[in-house]
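Follow the description below with the model open. It starts from a single side chain and then widens to a helix and the chain.

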Amino acid sequence: MARGNFSRVTEFILLGLSDTRELQLLFFTLFLLAYTMVLLGNLLIIVTVRTDPKLSSPMYLLLCNLSFIDICCTSVTAPRVLVSLLSGHKAIAFEGCMAQLFFLHFVGSSEMFLLTVMAFDRYTAICRPLHYTAIMARRACWALVAACWVGGFIHSIVQTVLTLRLPFCGPNTIHSYFCDVPPVVRLACTDTALTEWLMASNSGLISLGCFLVLVASYALILAKVRARLSQGHWKALSTCASHVMVVTLFFVPCIFTYLRPAGTSPTDKYVCVTYTVISPVMNPIIYTLRSNEVKESMWRLWKR
């Protein structure tokens, strides 16, 4: 489509993770296995929490929402990657690329906010147990979940609008397996220094800010329980340790990806695998294996 003295790019080429056919088949198998685990594991958590009245505390309500977000986050990229690896078709329409970028940041930033809320929930339960039911009442919990989704939507709209305002008239090859802000922005036919700074201020600072809040909450929890490590506090500390594993897998690669100018490092696309595939796979494993209540509820559901 002509626009001024240049032609608008109508599609992008996603180079993927490798050009070697053998490696493509290996990646297809790994991605298919991971995507299946994400769907089955997180759906099992959602069904278990929704069908067992004993799992009605705010922690399990937040866990249920985290499972739903993980399914959405992986579904934004995995099906397209699987089709590309199997068929070899690497082209994606401009509109499809922008849609993938929007939904990826929508659910990804919503997950960041939700993980922060989950850390606040654990801090309240451990450090202020007498006020827990009042602070994390069901209505307040739903309000926090809604705020996570609204915050994610606003963040994604900003990222998408900034990207759509850029002119794309030259190269259309993306050195990744999905459309994301850094690899797409570097293809623009203009100076993107200001845009990259605005996007780093948006995505990068959100990632870093949520991560620092999470670290601070866990430091406060550790300071609270270190002097009285009873059996109940050991259990709470174990739950927090699982949460720290999820946070590390998710936030550190995001900070590395977004809190810096758009580069051309070949390792960037492999770093993205951590928060788009590995972290969603680990969530159901960590939360089910570390929670006796969830395992017992799953066993009761299986017997029924």
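With which side chain does the side chain of N202 make a polar contact of 2.8 Å? The partner is the side chain of H155; a polar contact is a pair of N or O atoms within 3.5 Å, where, within protein, one must be able to donate a hydrogen and the other to accept it, and residues adjacent in sequence count only if both atoms are side-chain atoms. The side chains of N202 and Q159 are also joined by a polar contact, at 3.2 Å. This is a predicted model, in which local features need pLDDT of at least 70 and side-chain atom pairs count only at pLDDT 80 or more, while totals for chains, interfaces and linings use all residues. Residues are numbered from 1 along each chain as its sequence is written, and side-chain values use heavy atoms, with hydrogens and water left out.

N202 lies in helix α7, residues 193-225; helices are DSSP runs of H or I with at least four residues, and strands are runs of E with at least two, numbered from the N terminus. N202 has a relative accessible area of 12%, so it counts as buried (under 20%, with a 1.4 Å probe and protein chains only).

Helix α2 covers residues 58-87 and spans 44 Å from its first C-alpha to its last. At S75, α2 bends by about 40°, and P79 follows within four residues; the bend is the angle between axes fitted to the seven residues ending there and the seven starting there. Because 22 of its 30 residues are buried, α2 is largely enclosed by the rest of the structure. G88, with a positive phi near 80°, follows α2.

The chain has 10 helices and five strands, and 51% of its 304 residues count as buried.

How values were computed: Expected span 1.5 Å × (residues − 1). Buried < 20%, exposed > 50% of the residue type's maximum accessible area, 1.4 Å probe, protein only.
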